[in-house]
Structures are given as C-alpha cells and as structure tokens.
Amino acid sequence: MRVIGAVTGLCVLLIGMWVAWSWATREPRGETPSIEPSGWEYRWGDSPRDGAGLPAWLHADDRGWQPIAFPANPPQRDGRDKVWFRLRLPHNQWHDPVLFISSIDLIAQVYLGDQLIYQHGDFNDGDHVTFAGWPWHMIALPHDFGGQTLWLRVFSDYTSIGLWGQVYLMERGEAYRQIIRRSAWDVAVSALALALSVFAAIFAVSGVERRSFGAIALFAGASGLMLLAEAPARQLIAGNPLGWDLIRAFSYYMLPVATGLILAHWLKGSARRWMRRLWALHLAYVLLVVGLVQGGVINLSLTFPIFDVLLVLTLPTMLALALWQWRVLDGTQRTVVLSFAVFAPLLLADILVAHGFIPWQPIPLSFGTLAFSLSCVAISLHRYHRVHRELARSHETLEQQVALRTAELAGLVEELEGLSYRDALTGLYNRRHFDAAYAQACRRAVASGECLTLAIVDLDHFKRINDRFGHDAGDSVLVEVATLLKASKEAGESVCRLGGEEFALLSHASPTALAARLERLLGRLSAAPLKRGDMSLGRVTFSAGIASFPIHSASPDGLLRLADEALYCAKRDGRSTVTLYSASAEPCLQREDGEQSGDCKSHLANGGTRHRHAASGERDRHDQAEEGTSAEKKSQAVARDPDERRGER
C-alpha cells in the first residue's frame, strides 16, 4: 500500500507540475503578434571585401545563394566553418521592433543593408573561432526595416552552424515578457533544487547517512545550477554568456556523477560495481575538461558533443542496471528507480533537440530533475524518521520561497509591461507612448477623415517654484496638474507628460471645445494657491497651444509644430492663456521681439481664440518686471526652432 501511495503521489505531483509548466510557457498575447520570418537563403564561404572595406556580398548579384527553410546547418557542409544567410524583411507595425534569436552557433555578424548592426563574438582572429557563449540575442531594428535585406555572417567549428531554436520578429517588450514567462518555472524549480541541495548537505555533514544525503545534495545542486544557467532570464540576472555556459557545462557534466552515486547507494552486487565505474568515468571526463578548457587547449563548446555521445551510451546503461534488480528492490528503492526512469528520457530528448535530431521544442527537463530530487529526499525522510519534522518545516519554507519567487516574477512581468510607457512621477503616459499614440492617431485621422486636435500645456514660471520651494514642491505641482488633466479628459483622449513641466493632450474634440475645457481647468487651477502641507506654493497657471486637423493643417503630421507655435504665442502674450493656432499669427514668430508681441496679439485677436486668466495683479507686475529685464535674451529666443523654445520653457 505504501508503494502504491508513493506512485500515486508522484503521478499527482507530475500532473500538477505539467499544468504549472503549461501556464508558464504559454505564448503571451501582445497587441501586435510576433512573426517567424521565412524566405531564408544561404551561401557557403566568406565574402571578400570591396574598396570601402565592406563585404562585397552585400551588393553582389543573386548567384550562389540557395533557399533554406531555417538558417541552420545547410547541406553539403563538408567541414566548412563559414556561411552567410540572408532574408528579405517583411513590413511591420511595431513601435520598438527587434529580431529575437534563441542562440547562434557560434559567432555572427548581422548587417541591415550595408550597415553592421550587431556582432556576437570576435572576428579579428582570422579563421580561428573563439567560443563566446550561447546567449539569446535581441537585435534592435529601425522602424523602416520593412523591405530591406538582413544578412548574417556566421563562423562555427562546432557540430552545428547557424541559428538555433526560435527566430522571431517582435516588439522588444513582448520579447522580455516571453523570456520572463518561459523562465518563471525553471527559476522556481532551480531555487527549490538549490535549497534542497543546501539542506541535504547540512544533513550529510550532521552524520545522518552522509553518502545518501551527499549524493542528493550533489544532484540537486547540479540540476538547480543547470536549470538556472539554461533559463532565458539568466541574461537579465548577469550579462556574461560565457560565464553562464561554464556553469551550465560543469553542472550538466556532474549530473551523471550524482545520479550514479544515488543509484549505487540503493543497488547491490555487480549492479553497484558497474554503476560506480560509470560515474567514475564521467568524473574523469569532468576533470579532463576543466584542465583542457582552463589551459586554453580547446573551446568549451567542443566538449558538449563528446559528453553527449558519452551520456547517450551511459545513461541507458544506468537505467538498465537499475531495472535489472527491480524484483529484489523494496518499495522505496523502486520509487527511486521509477523517478529516474522519468528523468532519463527527458535528458536524452534534450540532447536530441540540442543537436537537431528532432525539431526544436521546449523539453520539460525541470520535471524530471524535480521529481528525481523530491523522490530521493522523500525516501530519505521515510528511512530516517529522526529528521522528519525538520525536513517538513524545510519543505514549507521552500514552498513559501517558490511562491514568493513566482510572485516576484509575476510582478516583474507587470512592471516591464508598464515601465516603457509610464511616467514614474505623475503616472501619465510618457513621451515614448505619446510618439506612438500620435503616429497611430495621425494614420487613423487620415484614413477616416475625423478631427484630430492636439493641445500642448506648459506650466508658467515653473522654475520659480523649484528655485523658491525646492524640487519636491515642484514635483507636487506636477502631480497636481497631471491629476487635473487626467480627471478632465474625456473618453478616447490621451494625456501624456512630454517632459519637464510640459504635457500633451490628444483629442478628437473640436479645437474650440477643447480650448473651452482647458480654460475652465485653468480657472480652477488659478482660483486658489496650491499647498504642500502647511506651505503655500502660490497660484499656479499654465499656457496652452492648440492645433487641429483638418482645420489648421492639411496633414495631421504637422500638428505638433503648429500647437507648439500657438503655445509660443501664448507665452509671448503674457502666459496664463489658452491659444488656438492661426495661420496669420505664424509670421510673427520670425520677427523681432518688440514687433512680435503686438503682431501675435493682433493676429490672434483676428484669426484665433485666446483665453486668459490673471492669477493676481501682484503676479502680473512681477511677470512684467521679469520679462522686461532681458530684451536681448528674448530677441535671441525668437529665432530658435520650436524644439529649442520648448526646451527653454
């Protein structure tokens, strides 16, 4: 009955882990789906250089190029270690496009057109290929990459040459979300395995079955490090791909050593002797590899194929030796062998995927390592009941750690989703989101012919608040204004903080309606002094410039400049003003300071709309005195372009 209970519990555990793994590795849904590009071509060899020092194949004709389904391991390699791939990129709708590649064998340069945009590894050693690790690659692409040719120059003396895993065109944020989702489960299992390793090592040192707990500690530690070093999130923890591959190689090579030690502890007779010889053979290989790699004799990458061949031979042998004594094993020993029978096929399948014998797909290797580790620990707890309570409390703590780590990773996913498009101080959308929303709104306005109105709002004399009350007070003013703008916006409108004390509002309302609404908001803001605690910050006002398509511009792309011109006239006309753009007012921006002020007023009075709120007579007199102190600076500011004037404000 105990054996049946152990097997049933193990099956329930595996089903639960499968459900959790399916959730962690499911494809996240983004606004714009990722694309797996097709139409790859390859060409063996390396390109000569032209007169400008660029690879001549970037401009050569199509002779010598052959189609290939995926840019990896082209036919008829015949020992060659240099190959080129190329791809005609499709058109896109992404805001921050990247080319995501799971891995490259072994080093590569990426060209877009005739520009080198990415490099992995050292190409200065001639024909010598120096292994630089197997990280994932996120290659930034310009927004106008559609229709251009992407070239990959790849060198490899490994068993494989080219790309490996997945190749997608996608948003950068989408790529990060996938990385975190696909790593969440492996990182959680890695944390659990490493914690199990620590506790097993403590029990081994305490003298309770040192060999058994020592072997469990070695297996749990090696499997935990291997899972962490293979999780995509490793590069978010530390950007050292070669260092991570060193950790992965050592932990991976130690797995059969630890497995042989565990099984040898439970087996008897000739099966135990053969098991000892097998793990000793793997230990000798680990020591040999460490010496050769550290001595610079061989690249680390070349040690993986040799080890995989060795493991393909020894791992089934270990499983056969364990099953050979199945009848003489007791229930606990059979549970260990059963969990090893789950782990071994997964490890072999991972090897076949790594070398391209079966198509790429995620192998749930963490299930096997976790099941084998937990079964060994559970059996040890069953046999050594004296430490049962201590290990039970340890499991509870470990479960809390896994839940905490999972919650932290989930929080990191949410943080990454909003980090790129939110202003940390005000909570409004930032300039990056505004650029994307503005471009999308322009396209929609042109397609549908609907009205698109842009208002730029700039706080008046904001520098005085920072200078007089400090930047904390200035931040509180920005938050208050942002709150008012956010509360006043209507459905379908977008409020963004462009930077500093400048805000933008995108709307489909008419310019006069939006001006009236901003006038009411200005009246509310200037009606009473703002306070920060018990300290009065004085009355705060803003100036606003408004431009609308198709009223003021034949194309929505120019609204930003026109709204900025209207805002500039509002500033020059005394501030605390909401000003609509007028084509007749635009020439005044190019004139001298004295002439410009009168022209702006007259033109706006004739062709535009102006709403002004004076906060107090004392502030007006102070503003006039301040504005009259430096006529020379004002005259110089007139000739600047709108971006410079906006920075000055």
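User: Which residue meets the side chain of Asp245 in a salt bridge?

Analyst: This is a predicted model, in which local features need pLDDT of at least 70, side-chain atom pairs count only at pLDDT 80 or more, and totals for chains, interfaces and linings use all residues. Residues are numbered from 1 along each chain as its sequence is written, and side-chain values use heavy atoms, without hydrogens and water. A salt bridge (a side-chain nitrogen of Lys or Arg within 4 Å of a carboxyl oxygen of Asp or Glu) is present here at 2.4 Å, N to O. The partner of Asp245 is Arg248.

User: In which helix do Asp245 and Arg248 lie?

Analyst: Helices (H or I, at least four residues) and strands (E, at least two) are DSSP runs numbered from the N terminus. Asp245 and Arg248 are 3 residues apart, about one turn of the helix. Both residues lie in residues 241-266, which form helix H5.

User: Are Asp245 and Arg248 buried or exposed?

Analyst: The terms rest on relative accessible area: buried is under 20%, exposed is over 50%, and partly exposed is in between (1.4 Å probe, protein chains only). By this rule, Asp245 and Arg248 are both buried.

User: How far apart are the closest N and O atoms of Arg177 and Glu174?

Analyst: Arg177 and Glu174 are 3 residues apart in helix H2 (residues 172-205), so about one helical turn separates them. Arg177 counts as buried because its relative accessibility is 17%, and Glu174 counts as buried because its value is 5%. The two residues form a salt bridge in which the closest N and O atoms lie at a distance of 2.7 Å.

User: How many residues apart in sequence are the parts that Asp460 and Lys571 tie together?

Analyst: Asp460 forms a salt bridge with Lys571, with the closest N and O atoms 2.7 Å apart. Asp460 lies in the loop between strand S10 (452-459) and helix H12 (462-469), whereas Lys571 belongs to helix H15 (residues 559-572), so the pair ties together parts whose separation in sequence is 111 residues.

User: Which residues do salt bridges that share partners join into one network?

Analyst: Asp460 and Lys571 are both buried. Elsewhere, salt bridges that share partners form one network, which joins Asp96, Arg172 and Arg432.

User: How many salt bridges does the structure hold?

Analyst: The protein chain has 19 helices and 17 strands, and 50% of its 649 residues are buried. The number of salt bridges in the structure is 15.

User: Which residue in S9 stands opposite Pro97?

Analyst: Strand S4 (residues 97-105) pairs with S9 over 8 bridges in the antiparallel sense. Opposite Pro97 stands Glu171.

User: What kind of aromatic pair do Tyr252 and Phe307 form?

Analyst: Rings of Phe, Tyr and Trp (its six-membered ring) pair if their centres lie within 6.5 Å; planes under 30 degrees apart are stacked, over 60 edge-to-face and the rest tilted. The count comes to 18 aromatic pairs, including the tilted pair of Phe123 and Phe155, at 5.0 Å centre to centre and 55 degrees between the planes. Phe123 is in the loop between strand S6 (115-120) and S7 and Phe155 is in strand S8 (residues 149-155), so this pair ties together parts 32 residues apart in sequence. The rings of Tyr252 and Phe307 have centres 4.8 Å apart and planes at 70 degrees, so the pair is edge-to-face.

User: In which helix does Phe307 lie?

Analyst: Phe307 is buried, because its relative accessible area is 0%, and Tyr252 counts as buried because its relative accessibility is 6%. Tyr252 belongs to helix H5, so its pair with Phe307 ties together parts 55 residues apart in sequence. Phe307 lies in residues 303-324, which form helix H7.

User: Which residue takes a positive phi in the hairpin of S11 and S12?

Analyst: Strand S12 (residues 502-507) is largely enclosed by the rest of the structure because 6 of its 6 residues are buried. S12 runs antiparallel to S10, joined by 6 bridges, and strand S11 (residues 494-499) pairs with S12 over 5 antiparallel bridges. The hairpin has 2 residues between the strands, and the residue with a positive phi near 60 degrees is Gly500.

How values were computed: Pairing = 2+ DSSP bridges.
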